[in-house]
Amino acid sequence: MQPVPVRVTLPDGQTITANVLYRRREPGGSWWYTLELPLTARDEDAAGRSVPSERRVTFAAPYPQVQPIPGTDYRDVPDHSPCDEWRLEHSRYGRLLVLHDGLCWSPDPANTERIAPQAASDLLMKGKATACHLCNPYP
Ligand SMILES: [Zn+2]
């Protein structure tokens with residue numbers, strides 16, 4: 001999918017352009033968008049000199065903080081995560097397992113493993129894992 005830009009108003013009031021990865025409709029009817037923003041980062045070349053590079057960060061925002069850009073075609077934006085792998089986070093506190101989609105920014109990588117969609121679905125159905133409240137995964 002080609003990048004699909006939207007305008008996003010951030011909590012401090014500035015407005016930026018980000019790319020939509022996918023959107024989902026919450027049970028109450030509101031839309032949430034998972035977005036991607038390319039940022040500048042610092043890398044080092046072979047000689048150890050600092051060089052600029054790109055890091056993409058994902059974040060989430062709801063409508064109306066997310067607004068369409070006139071003339072942009074949003075028909076191909078997926079209504080669910082396009083990933084086919086899911087991540088299971090083992091809480092550092094107790095035995096809680098939290099399921100995330102592959103794009104969620106929230107899980108701690110040190111305590112997270114990738115799992116197949118069927119395994120993720122089984123864990124949710126059997127109540128052995130809870131769905132992340134940010135990405136609301138539905139494998
Ligand atoms: Zn998540």
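Visitor: Leaving aside its neighbours within four places in sequence, which residues is V20 in contact with?
Guide: V20 is in contact with V4, V6, Y33, L35 and V77. Two residues are in contact if their C-beta atoms, placed from the backbone, lie within 7 Å. This is a predicted model, where local features need pLDDT of at least 70 and side-chain atom pairs count only at pLDDT 80 or more, while totals for chains, interfaces and linings use all residues. Residues are numbered from 1 along each chain as its sequence is written.

Visitor: Which residues make up the largest nonpolar core?
Guide: That core has nine residues: V4, V6, A18, V20, L21, Y22, Y33, L35 and A60. A nonpolar core is a set of buried Ala, Val, Leu, Ile, Met, Phe, Trp, Tyr and Cys residues joined through C-beta atoms within 7 Å. A residue is buried if 20 or more other C-beta atoms lie within 10 Å of its own, exposed if 12 or fewer, and partly exposed in between, with C-beta atoms placed from the backbone.

Visitor: And which strand gives the most to this core?
Guide: β2 does, with four residues. β2 and β3 each supply at least two. Apart from this core lies another, of five residues, among them W86, V98, L99 and A120.

Visitor: Back up a bit. How many helices and strands are there in the protein chain?
Guide: One helix and nine strands. Both are DSSP runs, numbered from the N terminus: helices are H or I with at least four residues, strands are E with at least two. From the N terminus on, the order is β-β-β-β-β-β-β-β-α-β.

Visitor: What is the strand order in the open sheet of five strands?
Guide: The order is β4-β3-β2-β1-β5, with antiparallel pairing. Two strands pair if DSSP finds at least two bridges between them.

Visitor: Why is one side of β4 and of β5 left without a neighbour in the sheet?
Guide: β4 (50-62) and β5 (66-68) stand at the edges and have a single partner strand each, so one side of each has no neighbour in the sheet. Neighbouring strands of this sheet are turned by 45° against each other on average, direction ignored. Axes here are lines fitted to C-alpha atoms, for helices over the stretch in contact, and angles run from 0 to 180 degrees between N-to-C directions.

Visitor: How many bridges join β1 to β2?
Guide: Five bridges join β1 (residues 5-9) to β2 (residues 15-25), and the two strands run antiparallel. As one example, T9 stands opposite T15 in β2.

Visitor: Now the open sheet of four strands. What is its order?
Guide: β8-β6-β7-β9, with mixed pairing. β6 (residues 86-90) and β7 (residues 97-101) pair in the antiparallel sense over five bridges. R87 has H100 in β7 as its bridge partner, and E89 has V98. β7 and β9, by contrast, run parallel and are joined by two bridges. V98 stands opposite T130 in β9.

Visitor: Is β7 enclosed or exposed, and why?
Guide: Four of the five residues of β7 are buried, so β7 is largely enclosed by the rest of the structure.

Visitor: Where does the helix lie?
Guide: α1 (residues 117-125) lies across β6, β7, β8 and β9, and runs at about 135° to β7.

Visitor: Different topic. Where is E26, and is it buried or exposed?
Guide: E26 sits in the loop between β2 and β3 (31-44). E26 is exposed, with 10 other C-beta atoms within 10 Å. The C-alpha atoms of E26 and N136 are separated by 8.9 Å, and these residues are 110 residues apart along the chain.

Visitor: Which residues does the cis peptide bond join?
Guide: Y63 and P64, with omega at about 15°. P64 is in the loop between β4 and β5. Most peptide bonds are trans.

Visitor: Last one. How is the protein chain divided into domains?
Guide: Into domain 1 (5-68) and domain 2 (86-131). Domain bounds come from an automatic or database domain assignment. The C-alpha centres of domain 1 and domain 2 lie 23 Å apart.
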